[in-house]
Amino acid sequence: MKVAIYPGTFDPITNGHIDVVERALKIFDTIYILVAHNLDKKTMFTIAERIDMVKHIYKDSDNIIVRDTAGLIADFAREIGAIAIIRGLRAISDFEYELQMAHINRKLNNQIESIFFMPALKYSFVSSTLVKDIILHGGNVESFVTKYVENKLEEKYNAIR
């Protein structure tokens with residue numbers, strides 16, 4: 001069985017993230033979506049809220065497992081026998097950071113490969129940061145996130161206004 005990990009902050013999960021998962025499912029039997037406790041990022045949603053949104057999207061998927069992690073991805077991969085770390089690349093600007101992470105993860109666990117997926121062109125500019133910015137300025141995000149996530153964004157926006 002081929003197992004992969006898709007780590008990220010997912011603050012919130014976007015249609016671009018979902019597109020990457022769909023592409024990866026053509027190659028991997030099981031994907032662990034790891035919602036990261038990223039101390040460097042100021043998140044809009046709590047870890048529990050982010051996990052809830054991801055679980056809601058994949059509630060009917062037996063081959064998607066949603067977990068959180070504060071540890072090293074390379075260590076988690078070793079624990080579960082994952083062979084790959086999935087990453088999405090939207091633009092060349094993503095590549096430098098992702099290349100560094102791939103090399104570090106390979107150094108920490110030489111059994112893991114980083115696999116890069118490009119989302120569909122219509123999602124190539126979508127990021128969680130832009131989605132949050134749009135909602136905070138009263139814009140419409142329905143083409144960038146699922147309806148459930150859109151509702152959670154609106155609830156959060158209304159709570160902070």
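A salt bridge, as the term is used here, is a side-chain nitrogen of Lys or Arg within 4 Å of a carboxyl oxygen of Asp or Glu. By that rule the structure, which is a predicted model, holds nine salt bridges. Welcome to the close-ups: some of these pairs come up below, along with other views.

**View 1. Asp-19 and Arg-23 pair up within helix α1.** Let us start with a salt bridge inside a helix. The side chains of Asp-19 and Arg-23 meet with N and O 2.7 Å apart. Helix α1 covers residues 15-24, and because the two partners are four residues apart in this helix, about one helical turn separates them.

**View 2. Arg-90 meets Asp-94 in a salt bridge.** Here the N to O distance is 3.3 Å. Side chains of opposite charge can pair when their charged atoms come close. Asp-94 is buried, since its relative accessible area is 14% and buried means under 20%. Arg-90 has 36% relative accessibility and therefore counts as partly exposed.

**View 3. Helix α5 crosses helix α6.** Stay with α6 and bring in a neighbour. Two packed helices are described by the angle between their axes and the distance between the axes. Helix α5 is made of residues 128-136 and helix α6 of residues 147-160; their axes come within 10 Å and cross at roughly 55°. That angle is why α5 is called oblique to α6. As for handedness, the crossing of α5 past α6 is right-handed.

**View 4. Leu-72, Ile-104 and Leu-108 make a nonpolar surface patch.** Now for the surface. Together these three residues form a patch of about 260 Å². Where does Leu-72 sit? Leu-72 belongs to the loop that links β3 (64-69) with α3 (73-80). With a relative accessibility of 47%, Leu-72 counts as partly exposed, because only values over 50% are called exposed.

**View 5. Ile-33 lies buried in strand β2.** Strand β2 runs over residues 30-36, and Ile-33 is part of it. Its relative accessible area is 1%, so Ile-33 counts as buried. What lies 28 residues away in sequence but 6.0 Å away in space? The answer is Ile-5, with the spacing taken from C-alpha to C-alpha.

**View 6. Ile-80 of helix α3 is shown with Met-1.** For the last stop, turn to Ile-80, a residue of helix α3. Ile-80 has a relative accessibility of 24% and therefore counts as partly exposed. Along the chain, 79 residues separate Ile-80 from Met-1, and their C-alpha atoms are 11 Å apart.

Technical notes. Residues are numbered from 1 along each chain as its sequence is written. This is a predicted model: local features need pLDDT of at least 70, side-chain atom pairs count only at pLDDT 80 or more; totals for chains, interfaces and linings use all residues. Side-chain values use heavy atoms; hydrogens and water are left out. Patches are made of residues with over 30% relative accessible area and no salt bridge: like charges are joined within 9 Å, nonpolar side chains (Val, Leu, Ile, Met, Phe, Trp, Tyr) within 5 Å. Accessible areas come from the Shrake-Rupley method with a 1.4 Å probe; for residues, only the protein chains shown count as cover. Helices (H or I, at least four residues) and strands (E, at least two) are DSSP runs, numbered from the N terminus. Buried means under 20% relative accessible area, exposed over 50%, partly exposed in between (1.4 Å probe, protein chains only). Axes are lines fitted to C-alpha atoms, for helices over the stretch in contact, and angles run from 0 to 180 degrees between N-to-C directions. Angles under 35 degrees count as roughly parallel, over 145 as roughly antiparallel, 65 to 115 as roughly perpendicular and the rest as oblique. A crossing is left-handed if the near helix is turned anticlockwise from the far one by less than a right angle, and right-handed if clockwise.
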